[in-house]
Amino acid sequence: MNCFWLIPEDQRFNNWILHHDSPDVGVSLRERYASYACKKCKKVDEEAAIADGIDREVTIQSKSDFLTTDDGFICVSQRLKELLEDQSVQGVRYLSLPADDRYMVAMPSSCLDTNLEKVGMECHRPCPVCGRYRETCFFPSLQSIAVPEEPNDLYCPSVFIENTGGRQFLFFTSEDTVRILRSGKISGLEYRKTY
Ligand SMILES: [Zn+2]
């Protein structure tokens with residue numbers, strides 16, 4: 001069975017969940033999440049931080065149904081959430097934004113076990129304190145991921161794509177689910193075959 005990564009298209013606007021962008025200071029982590037940042041590499045434990053709540057100031061500037069924020073979170077429109085729920089596509093926890101009911105943050109409900117020896121990624125400069133890699137290259141290989149037999153839900157592997165700012169949450173799914181998204185004319189998305 002073919003699977004596809006759901007790749008967010010480039011966005012015209014910058015959006016942030018855990019950070020904010022002010023004319024004076026530039027982009028910085030919101031104060032309330034400071035305790036979730038690694039003292040050494042400054043990366044934030046995204047799962048823990050977001051579980052602590054999303055700031056009342058956060059809104060999304062976009063016309064797409066699917067997008068990534070500049071701090072690596074996938075956001076989906078209300079319309080995409082309803083489409084996935086109508087079609088019983090699971091694997092996603094939807095976190096609402098207190099100030100914006102058009103969008104929600106899509107987090108994986110659980111991550112699929114991924115074999116580090118077969119993952120085929122380059123992982124550079126692990127942090128001596130939190131252990132996260134400063135940067136990774138390439139996508140996890142499909143053969144390294146424990147994919148269920150009928151992979152029609154949305155999935156994240158347990159090995160994440162990291163950049164200097166943090167991790168990029170990325171989902172993949174089956175060709176059947178891609179067909180649903182295509183026929184629903186979901187915007188902001190490209191489909192890249194997994195290998
Ligand atoms: Zn660290």
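Predicted model: local features only at pLDDT ≥ 70, side-chain atom pairs only at ≥ 80, totals over all residues.
Strand 6 and strand 7 form a hairpin, with two residues between them. The protein as a whole has three helices and 15 strands. Its radius of gyration is 17 Å, close to the 16 Å that the globule rule gives for 195 residues, so the protein is as compact as a globular protein of that length.

**Overall build**

- The C-alpha trace of the protein spans about 50 × 40 × 25 Å along its principal axes.
- Of the 195 residues in the protein, 33% are buried.
- Contacts between residues at least 6 apart in sequence join residues at least 24 apart in 66% of cases.

- Strands of a sheet pair through backbone hydrogen bonds, either parallel or antiparallel.

**Pairing along strand 7**

- Strand 6 (residues 92–97) is joined to strand 7 by six bridges, and the two run antiparallel.
- Within strand 7, Asp100 is the bridge partner of Leu97.
- Strand 5 (residues 74–77) pairs with strand 7 (residues 100–108) in the antiparallel sense, over four bridges.
- Ile74 has Ala106 of strand 7 as its bridge partner.
- Cys75 has Val105 of strand 7 as its bridge partner.

**The largest nonpolar core**

- In soluble globular proteins, nonpolar side chains tend to be buried together.
- The largest nonpolar core here holds 32 residues, and those touching the most other members are Ile17, Ile74, Cys75, Val76, Val105, Ala106 and Phe171.
- Helix 1, strand 4, strand 5, helix 2 and strand 7 each supply at least two residues of this core.
- Strand 7 gives the most to this core, with four residues.
- Phe171 is in contact with Leu6, Ile74, Leu154, Tyr155 and Cys156, leaving aside its neighbours within four places in sequence.

**Ile186, in a loop**

- Ile186 lies in the loop between helix 3 (175–183) and strand 15 (189–193).
- Ile186 counts as buried because it has 20 C-beta neighbours inside 10 Å, and the cut-off for a buried residue is 20 or more.
- Not counting residues up to four places away in sequence, Ile186 touches Asp65, Phe66, Leu80 and Leu181.
- Ile186 and Ser64 are 122 residues apart in sequence, yet their C-alpha atoms are 7.8 Å apart in space.

**Cys123 and Arg125, in strand 9**

- Cys123 is placed in strand 9 (residues 122–126), and Arg125 also lies in strand 9.
- Cys123 has 16 C-beta neighbours inside 10 Å and so counts as partly exposed.
- Tyr133 and Thr136 are the residues that Cys123 touches, not counting residues up to four places away in sequence.
- Cys123 and Asn152 are 29 residues apart along the chain, and their C-alpha atoms are separated by 29 Å.
- Arg125 has 12 C-beta neighbours inside 10 Å and therefore counts as exposed, as the cut-off for an exposed residue is 12 or fewer.
- Phi of Arg125 is near 50°, a positive value in a residue other than glycine.

**Lys42, in a loop**

- Lys42 is found in the loop between strand 3 (26–29) and helix 1 (46–51).
- Phi of Lys42 is near 75°, which is a positive value in a residue other than glycine.
- Lys42 is partly exposed because 13 other C-beta atoms lie within 10 Å.

Note on methods:
Residues numbered from 1 in each chain as written. Contact = placed C-beta atoms within 7 Å. Pairing = 2+ DSSP bridges. Rg over C-alpha atoms; globule rule 2.2 N^0.38 Å. Core = buried A, V, L, I, M, F, W, Y, C linked by C-beta atoms within 7 Å.
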